[in-house]
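Subject: Structure for you to look at

Hello,

Below is the structure I said I would pass on. Please open it first, then read my notes next to it.

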Amino acid sequence: MPDLSHGGHGDEADAAAVNALRSAVMRLSRRLKHQRVDESLSPTEMSVLGTLARSGSATPGELARKEHMQPPSMTRIVALLEAKGLVRLEPHPDDRRQKVVSQTEQAEAMLDESRRKRNAWLATLAEGLDDEEWAKLRAAAPVLEKLAHL
């Protein structure tokens with residue numbers, strides 16, 4: 001595997017591909033962020049809700065690790081989400097000092113609507129792709145998913 005971390009290592013074509021991928025993913029991400037259902041939530045709050053949707057209930061400390069945040073910051077985010085009725089805190093089954101954060105039905109409905117809106121927007125964009133480009137997109141999707149979770 002080529003080492004591209006220092007700019008001069010690895011194949012130039014690989015470095016160019018990594019640069020193009022980074023640029024495209026960032027542009028697409030910025031455009032997707034504008035397709036939000038609830039403008040009152042920050043991207044961080046949406047990310048935490050998405051993590052709860054994917055991973056299930058978690059302690060604030062577990063959420064902080066998954067989101068690469070400091071625990072005090074996560075505690076503030078969880079409090080904001082709880083005040084908005086999007087998460088609930090329940091006693092930890094094994095440790096009375098801990099709380100478990102779960103998403104509410106309101107959060108689940110909002111995330112479903114957000115996914116629907118963003119998927120519809122992406123589908124509209126993808127209408128401009130030809131059959132060969134669609135085949136490449138289908139082949140690339142699992143690889144991009146893997147990169148997102150490494």
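R88 counts as partly exposed because its relative accessibility is 37%; buried means under 20% relative accessible area, exposed over 50%, and partly exposed in between (1.4 Å probe, protein chains only). This is a predicted model, in which local features need pLDDT of at least 70 and side-chain atom pairs count only at pLDDT 80 or more, while totals for chains, interfaces and linings use all residues. Residues are numbered from 1 along each chain as its sequence is written, and side-chain values use heavy atoms, with hydrogens and water left out.

Salt bridges

R88 pairs with E90 in a salt bridge, with 3.2 Å between the closest N and O atoms. The term means a side-chain nitrogen of Lys or Arg within 4 Å of a carboxyl oxygen of Asp or Glu. Side chains of opposite charge can pair when their charged atoms come close. E90 is partly exposed, because its relative accessibility is 34%.

The structure holds six salt bridges. Another of them joins E113 to R116, with the closest N and O atoms 2.6 Å apart. Both residues lie in helix α5, three residues apart, which is about one turn of the helix. (Helices are DSSP runs of H or I with at least four residues, strands are runs of E with at least two, and both are numbered from the N terminus.) E113 has 31% relative accessibility and so counts as partly exposed; R116, at 46%, is partly exposed.

K136 and E132 form a salt bridge too, their closest N and O atoms being 3.4 Å apart. They lie in helix α6 (residues 131–148), four residues apart, again about one turn. Both K136 and E132 are exposed.

Helix α4

How many residues does helix α4 have? It runs over residues 71–83, which makes 13 residues. From first C-alpha to last it reaches 18 Å, close to the 18 Å expected at 1.5 Å a residue (1.5 Å times one less than the number of residues). Its buried residues include M74, I77, V78 and L81. These cover an arc of only 100° around the axis, so they sit on the same side of α4; the arc is that of the directions from the helix axis to the C-beta atoms. The face turned away from this buried side carries the exposed residues R76 and A83. Among the elements that cover the buried residues are α2 (43–55), α3 (60–67), β1 (87–91) and β2.

The core

The largest nonpolar core has 19 residues, and L41, L49, L63, M74, L81 and V87 have the most contacts inside it. Such a core is a set of buried Ala, Val, Leu, Ile, Met, Phe, Trp, Tyr and Cys residues joined through side-chain atoms within 4.5 Å. Two or more residues of this core come from each of α2, α3, α4 and α5. Leaving out residues up to four places away in sequence, L63 is in contact (heavy atoms within 4.5 Å) with V48, T51, L52, A58, M74, V78 and V101.

G85 and T104

Just after α4, G85 takes a positive phi of about 75°. The backbone oxygen of G85 lies 2.7 Å from a polar atom of the T104 side chain. T104 itself is in the loop between β2 (99–103) and α5 (105–126). Is T104 buried or exposed? It counts as buried, because its relative accessibility is 12%. Apart from neighbours within four places in sequence, T104 is in contact with G85, L86, V87 and R88.

Regards

Key
Polar contact = N/O pair within 3.5 Å; in protein donor to acceptor, adjacent residues only side chain to side chain.
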